Amino acid sequence: MIKLDTQSFTFGLDSIHKNSRMELQEDCYDTLEIQQHIHQLWQKESQTLAARSYWIDAQKKDYALPHLASVVDYAFTNIPFYHEYYKSSGYEVGAIRSLADFESIPVLNKSILRNIQTKDFLPRKLAKDTSGMFWSSTSGSSGVALPILSDLDAVSFNSLTYYRMFQRLAGEEFSPDRWIYNIHHIRSWISSMAGDHPTFTLNDIASVEEFVQHMERLRPVILNLLPSYLPLLEPYAQRITNLRLKAIITNSEASSRHEREYFSSLYNAPVLDEYSSEEVGIIALECPYRHYHPEFDFAHVELNDFSTTADSTLATVYCTDFMCKTMPFIRYDHGDIVSVAGNDLSQCQCGQHGRTIERVEGRKDDCLKTLDGHYVPTAIVTNTLDSCFNANPNVSSFRLIQCATITDFKFIYTGASADLVVPAVSAFVTQLQNLLKMNIDVKIDRVDALPDTPSYKRKKIISEALATA
Ligand SMILES: [Zn+2]
């Protein structure tokens, strides 16, 4: 038996051929042998995996605890960084007997990671050329480019989580002969399970016409893509509808629920968001009822509330990938904040239990802060800014800065003289005061060009106020 070359299914379409030649980081484990291994696991476990999705909260916690205790002990015993880090907080082997114990160990974040040498983040006894170890790297888009070493279990379970997601969304139609179509520079799973459930990966859409023709030849059951491709396909809505996709999954970039609902009806297939990271894989998946349900059986997701108002509760997200024994991320804070809803006893209309993520709000650092310690996600403020200034003929580009004093803001812009801009800024200030629920001062600053600071690239809002939580 030879490995199915899924990338060869280009049907003579030139732009598809050209954009399917890139090497993917998953290729290092995408061998026939590993495909067969994952295929066997899938045949053995797929029903158990499907059933687990509907566990109640207590079952999930009972399941997670021994895995969490074991990965922390493993890391403490074998990985120099974790040993020193946990020792300094008084950790001893066997100390985790409850989830509360687990939640008392120190958190890992990007600024800590930046100062760790890779060798200290790997098990001491790991031979460099051990087989069944796979290097990949995060893109660094989130601030730290990090080499990640995975083992066979980690890559196998990661693939299984994706196949479970496809099955949950496609139901009966997720049959072994049906294609999965992936538009990305990574794939995150194997190209097929020894020929079953093949995936075609396109790096970019160069010709929408050829892309649609290619989909018409492959007839995929699921399409994965960045949300920014969705508007490109709009002129082809009828042909995409005819494909009868069971789901379109967006990832990697922020998209609004409004956008996803719009494209769901346009393409007659649910457009659902996958919240994932390169470090831990899938964190949560949006269900057809528009709630994100955190994964729990290969990674443990903690939602930590830090700001509750009448309208929403914001939480930070800590993830632990307890299946990985080479380079486990334990209580890892990506720096994201999310809006959360429900409680341990909640049940969604889709049948899944527990708290849900309502929106992925972006980076905590980006939020505006209020005097009473609340955070206001930039997404809401950006919407307001855009509605006031995007179509304003006197403003060509703009940026809002919250000063360290919290109530002082600067509106920096390029365009016509300030007196022409004052009325629009006043209207914006009224709306912003309603969002922040406090009085603010906004200084208008007309400049020749917006300051070009690399880390502030393309940001419309910057908060210089210090985080209090
Ligand atoms: Zn649901």
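**Exercise 1.** Identify the protein donors of the zinc ion in this predicted model, and determine the geometry of the site.

*Solution.* Step 1: the zinc ion is held by Cys287 (SG), His293 (NE2), Cys348 (SG) and Cys350 (SG), at distances of 2.1 to 2.3 Å. Step 2: the angles among the four donor atoms run from 97 to 115 degrees. Step 3: four donors count as tetrahedral if all angles lie between 85 and 135 degrees, so the site of the zinc ion is tetrahedral. For comparison, the ideal angle for four tetrahedral donors is 109.5 degrees.

**Exercise 2.** Describe how the donors of the zinc ion are spaced along the chain, and state whether His293 is buried or exposed.

*Solution.* Step 1: the spacing of the donors reads C-x5-H-x54-C-x1-C. Step 2: His293 belongs to strand β10 (residues 292-294), while Cys348 lies in the loop between β13 (332-341) and β14 (356-363); the pair is 55 residues apart and links distant parts of the chain. Step 3: buried means under 20% relative accessible area. His293, at 4%, is therefore buried; Cys348, at 12%, is buried, and Cys287, at 3%, is buried as well.

Terms used: Residues are numbered from 1 along each chain as its sequence is written. This is a predicted model: local features need pLDDT of at least 70, side-chain atom pairs count only at pLDDT 80 or more; totals for chains, interfaces and linings use all residues. Side-chain values use heavy atoms; hydrogens and water are left out. Donors are N, O and S atoms within 2.8 Å of the metal (3.2 Å for Na, K and Ca); water is not among the atoms, so sites may look incomplete. Four donors count as tetrahedral if all angles lie between 85 and 135 degrees; four count as square planar and six as octahedral if opposite donors are over 155 degrees apart and all others between 65 and 115; anything else is irregular. Helices (H or I, at least four residues) and strands (E, at least two) are DSSP runs, numbered from the N terminus. Buried means under 20% relative accessible area, exposed over 50%, partly exposed in between (1.4 Å probe, protein chains only).
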